[in-house]
Amino acid sequence: MRIDLNGKSALVTGSSQGIGLAIARGLAACGASVVLTGRDQDKLARAAETVEGEVRTIAGDITTVSGHSDLVAAVPEVDVLVNNLGIFGSADPLQISDDEWRRYFETNVLTAVRLTRHYLPGMTAKGWGRVQYVSSDSAVVTPAEMIHYGVSKTALLGVHRGFAKAAAGTGVTVNSVLAGPTHTGGVEDFVRELVGDGPWEEAQREFMTKHRPQSLLRRFIEPEEVANMVCYLASPLASATTGAAVRVDGGYVDAIVP
């Protein structure tokens with residue numbers, strides 16, 4: 001099978017690093033013109049240099065009304081929307097404030113809702129489009145050390161299913177990708193918060209043993225492995241997959257169905 005996205009445009013939020021940047025690279029490699037977003041223009045510029053293909057960058061904080069407005073003004077329509085932007089971190093469940101809960105929902109959920117609300121009508125009018133949400137295994141297996149993150153990712157599953165119904169019969173698909181424990185710079189910092197310093201291979205092994213023992217992969221997933229699934233779902237090859245939560249979790253979620 002060959003994934004061909006020539007002539008398609010794609011917007012990937014939170015794409016100056018990590019999973020988002022890997023997704024942008026993958027989509028560009030398949031022929032799509034890609035827009036990277038993030039708050040730091042210099043960081044975005046460096047990220048864009050690693051993308052082989054047609055790429056542009058838009059800097060701004062899209063969790064704000066003005067940042068959202070600037071983005072959709074610069075990019076009025078797209079064929080593929082990948083809602084990747086998200087924050088995470090460990091916290092004592094009993095110490096998470098209302099403001100922190102709101103910050104997680106504003107960033108991880110409502111930003112994606114606003115962008116979907118803007119771009120989905122244009123896709124349905126054309127009769128083709130792809131909307132995706134990068135969710136997490138934490139949406140299904142809520143981690144005790146970051147329930148605010150897990151619950152925000154659970155909310156995305158309801159969001160994608162609802163918007164998939166709104167797009168029913170239009171040629172537009174809406175899906176979530178459940179990413180398992182993935183090796184990014186931010187995750188390295190998170191792992192070291194829980195297991196301490198030391199060589200990465202040892203820290204990774206200790207974290208997986210103590211905190212993610214259900215993983216069948218027994219290692220962290222690489223961002224490119226998540227990107228591969230996103231690229232497939234963005235392609236015409238995935239035309240019959242919609243309203244789905246597709247797992248790239250290394251077998252972490254202990255279930256025989258998604």
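Reply: Lys8 lies over the face of Trp128, 4.0 Å from the ring centre. A charge is said to sit over a ring if NZ of Lys or CZ of Arg is within 6 Å of the ring centre and within 35 degrees of the ring normal. The model is predicted, with local features requiring pLDDT of at least 70 and side-chain atom pairs counting only at pLDDT 80 or more, whereas totals for chains, interfaces and linings use all residues. Residues are numbered from 1 along each chain as its sequence is written, and side-chain values use heavy atoms, with hydrogens and water left out.

Rings may also meet one another. A pair of aromatic rings is described by the distance of the centres and the angle of the planes. Rings of Phe, Tyr and Trp (for Trp, the six-membered ring) pair if their centres lie within 6.5 Å; planes under 30 degrees apart are stacked, those over 60 are edge-to-face and the rest are tilted. Five aromatic pairs are found in the structure.

One of them joins Phe88 and Tyr149 in an edge-to-face arrangement, with 6.1 Å between the centres and 65 degrees between the planes. This pair links distant parts of the chain, since Phe88 is in the loop between β4 (80-83) and α4 (98-126), and Tyr149, 61 residues apart from it, is in helix α5 (residues 147-166). Helices (H or I, at least four residues) and strands (E, at least two) are DSSP runs, numbered from the N terminus. Phe88 is partly exposed at 33% relative accessibility, whereas Tyr149 is buried at 11%. Buried means under 20% relative accessible area, exposed means over 50%, and partly exposed is in between (1.4 Å probe, protein chains only).

A second example is the pair of Trp200 and Phe220, whose centres are 5.6 Å apart; the planes stand at 40 degrees, so the pair is tilted. Here too distant parts of the chain are linked: Trp200 belongs to helix α7 (residues 200-211) and Phe220 to the loop between α7 and α8 (223-234), 20 residues apart. Trp200 and Phe220 are both buried.

These two pairs belong to a wider group. One aromatic cluster is formed by Phe88, Tyr149, Phe190, Trp200, Phe207 and Phe220.

Arg212 is in the loop between α7 and α8 and, with a relative accessibility of 6%, is buried. Among the residues that Arg212 touches are Phe190 and Phe207, along with Pro143, Met146, Pro181 and Tyr252; contact means heavy atoms within 4.5 Å. The side chain of Arg212 also makes a polar contact of 3.1 Å with that of Glu145. A polar contact is a pair of N or O atoms within 3.5 Å; within protein, one must be able to donate a hydrogen and the other to accept it, and residues adjacent in sequence count only if both atoms are side-chain atoms.

Of its 258 residues, 49% count as buried. Within the protein, residues 24 or more positions apart account for 68% of the contacts with a separation of 6 or more. The C-alpha trace spans about 50 × 40 × 35 Å along its principal axes.

Terms used
Lists of a residue's contacts leave out its neighbours within four places in sequence.
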